[in-house]
Amino acid sequence: MHRFNDLTDAQLQAKATTMLRRFFGYTSFRPRQLEVITAALRGRDTVVLMPTGGGKSITFQIPALILDGITVVVSPLLSLMRDQVDALIANGIPAATINSLQSDDENRSVTRALGAGHIKLLYISPERLLADMPRWRPDLPINLIAIDEAHCISRWGHDFRPDYTRLAMIRDTRPDIPIIALTATADRLTRDDIARQLRLQDPLTVLTSFDRPNLSLKVETGSSLRRRIATMTSLIDRYPSDTGIVYCLARKTTESVSAELKKAGYAVEPYHAAMSADRRMEVQSRFRSGELQAVVATVAFGMGIDKSNIRWIVHNNMPSCIESYYQEIGRAGRDGLPSETVMFYSVADLITLRKFADESGQAAVNMEKLKRMSQYAEARVCRRRMLLSYFGETMDHDCGNCDVCLSPPVRHDASIPVRKALSAIIRTGEEVGANMLVDILRGSSRADLVAKGYHNIKTYGAGRDLDAATWQSVILQMIQLGIVDIAYDRSNKLFVTPYGREILFSDQPVMLARPDDMAHREKARKAAPAERRRPSIDPMTVLRDLRNRLAAKEGIASYMVISDPALMAIAAVMPASLEKFAAIEGISDRKAVAYWRPVAKELARHFKQYKPEILHSRYDTLFLLRRGNSPAEIASLRRLSPATVYNHLFDLYEAGAITDSDLPGIVDPAVYRSVINLYLSEPKENFYDSIEGRYPDGLVRFILAIARKKGHIPPAST
Ligand code: ADP
Ligand code: ZN
């Protein structure tokens with residue numbers, strides 16, 4: 001199918017840019033978004049591969065706004081649909097959802113609105129689409145079908161959903177509708193599978209870089225629980241009014257970590273699959289609203305989270321593969337602002353994960369994935385380069401935003417500690433795990449150690465010069481290097497490999513990376529909380545409070561009212577007029593008129609030197625008209641009746657703010673002429689009867705008022 005044959009690509013793209021400005025408040029597209037949009041507008045099938053936060057949604061939302069009819073968006077993430085629809089409505093875009101979380105009545109009323117042409121974007125679950133689509137009127141004007149999370153269709157992917165494979169039926173039912181498939185999974189196998197299974201026709205494939213430069217990357221090995229908690233609290237302290245996620249491997253850990261944080265006075269809840277559905281919903285919604293500072297969760301948390309202002313992610317335990325890790329840290333900083341990620345890595349994690357992999361039924365594959373994950377954790381080169389190379393991308397420079405770049409590890413001769421550890425393992429008859437080994441080396445007097453007589457071996461206390469975290473790091477590196485290994489069948493005891501024995505009885509040096517100077521870093525961090533005591537009256541605090549109130553009033557999450565980057569820009573610029581406010585990135589037309597007044601008034605109340613220009617409400621109407629909105633669109637963006645909008649327009653005309661050259665944008669000249677002709681040819685009573693219901697409220701009165709002014713009809717007899 002070919003569309004817009006009368007327009008060049010440049011003209012189409014100009015249209016798209018206008019829509020971006022009006023409905024999303026952004027001035028320019030990100031790399032390759034326009035390419036996808038142009039293809040979709042022209043009716044070509046497209047596969048879009050961009051990382052989370054890369055801006056995939058806009059590539060089908062803009063075509064939806066330009067094309068006549070309905071764009072259908074298929075998504076498996078039910079809980080996310082509501083958020084996406086709310087965010088669209090907040091920008092004045094008519095969107096709705098049909099899914100099983102809504103009542104039958106709600107779904108039926110959406111179906112009716114679809115038929116009546118009131119909806120531009122419909123979000124629907126695959127099972128509902130499969131059930132409903134065959135029953136829709138065959139001429140329902142669907143212009144585009146977007147398949148979100150399209151990797152779910154592939155058995156090769158990490159999130160296969162059998163329902164998705166049946167989506168191929170779309171092609172049978174409506175072969176004329178172009179399809180746009182989107183995913184944040186980039187491997188070639190999955191990519192080809194998507195195109196094949198959806199039977200895409202000569203699709204355009206658009207693959208962007210998977211780099212997320214705003215995420216800092218950091219890994220710490222062998223840290224104690226106390227130190228992990230300290231890292232979490234310092235992150236919360238640094239972003240007191242934002243949110244973060246702590247990922248744990250086990251449900252029990254989510255409970256204990258969350259209890260620790262609560263005890264320290266933070267607003268935190270655990271989240272895991274064993275909690276009741278109600279309880280999980282409650283935690284999700286408190287997280288979404290910004291009421292919680294963090295959620296401590298198993299991986300079950302996050303699939304349904306589209307919150308753009310998550311500022312940090314902590315992995316209390318290492319994930320099982322790099323794909324999961326990247327997806328999980330990717331939930332931070334979707335709005336592009338700097339965000340921090342920290343992963344902790346310990347011998348205990350390695351043991352648990354190896355056990356999982358071994359019992360997974362796909363041991364070989366999963367062991368390999370785990371190996372790549374631990375190589376990442378142990379990396380001595382720029383972590384971002386390593387991550388991107390895992391996803392098949394090359395980066396020709398170090399990132400400068402990961403812990404390796406920021407403090408390059410120093411390798412040093414660790415022959416002595418390594419031999420002490422080896423000797424201790426052998427002297428206990430290879431009967432101890434990593435924790436006991438550290439305690440022996442550090443000369444602990446724990447009861448079971450003494451009971452076993454380990455305090456009598458020669459290396460007892462021989463490693464007091466190093467702290468426990470350093471020992472953990474040494475042991476981890478010994479495992480990675482194959483000097484020792486873990487006996488999973490014997491309660492995870494450590495044993496010395498043949499290579500390890502070779503080392504023990506030779507004098508070859510063993511070089512290990514030195515864990516950074518932890519005490520030093522701890523001190524640097526202590527300085528941070530001072531920030532919390534900043535004066536209460538700064539624009540950002542004022543704006544955040546206002547935003548929370550507006551969000552509560554509208555029943556949506558605060559980041560949907562105004563995004564964090566936009567809020568920061570407002571605080572920095574302190575815009576003094578509606579035009580300047582609307583020029584902020586991320587302020588769409590609808591947000592400009594909805595929030596200009598409250599923002600200006602609130603800032604003026606707190607900052608005496610700030611003098612905003614707040615004009616009469618009819619100037620908001622003029623502003624929207626000048627941005628290319630029709631009177632009907634203005635009415636819907638301002639949530640006013642069309643009659644009120646026409647009244648504003650007439651007042652503006654009288655005041656000279658609107659001139660004759662603006663009139664064609666307000667009323668179609670043909671409509672104008674036919675109303676005037678009818679008025680002149682019919683007696684007055686007939687005129688109103690015959691015109692009733694044919695035009696929007698207020699339009700006829702507007703036309704007559706203008707015509708009287710211009711002398712096209714005689715003045716009203718009073
Ligand atoms: P994805 O679906 O790929 O994960 P989204 O579509 O949710 O990503 O976009 C992520 C964020 O980037 C959103 O906050 C979105 O508004 C913003 N965004 C998208 N395109 C642009 C653009 N051209 N300019 C500025 N911000 C954009
Ligand atoms: Zn780096």
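The tour goes from the ligand to the sheet, then to the helices.

Before you click, note that this is a predicted model, where local features need pLDDT of at least 70, side-chain atom pairs count only at pLDDT 80 or more, and totals for chains, interfaces and linings use all residues. Residues are numbered from 1 along each chain as its sequence is written, chains are lettered from A and ligands numbered from 1 in the order in which they are written, and side-chain values use heavy atoms, with hydrogens and water left out.

**Stop 1: the ligand**

Now draw some distances for polar contacts (pairs of N or O atoms within 3.5 Å). From the side chain of Arg-334, an N or O atom sits 2.7 Å from an oxygen of ligand 1. Arg-30 puts a polar side-chain atom 3.1 Å from a ligand oxygen, while Ser-28 uses a backbone N or O atom, 2.9 Å from a ligand nitrogen. Taken alone, ligand 1 exposes 570 Å², and the protein buries 82% of that (Shrake-Rupley, 1.4 Å probe).

**Stop 2: the sheet**

Switch to cartoon and find the open sheet of 7 strands, paired in parallel in the order β3-β4-β2-β5-β6-β1-β7. Strands are DSSP E runs of at least two residues, helices H or I runs of at least four, numbered from the N terminus, and two strands pair if DSSP finds at least two bridges between them. Which strands stand at the edges? They are β3 (95–98) and β7 (204–207), each with a single partner, so one side of each lacks a neighbour in the sheet.

Next, pick β1 (46–49) and β6 (179–183), which pair over 4 parallel bridges; Val-47 stands opposite Ala-181 in β6. Contact means heavy atoms within 4.5 Å.

**Stop 3: two helices**

Finish with α14 (347–358) and α21 (468–480), packed at about 35 degrees with axes 9 Å apart. Axes are lines fitted to C-alpha atoms over the stretch in contact, and angles run from 0 to 180 degrees between N-to-C directions. Show side chains in the contact, among them Leu-350 of α14 and Ile-475 of α21.

Terms used. Polar contact = N/O pair within 3.5 Å; in protein donor to acceptor, adjacent residues only side chain to side chain.
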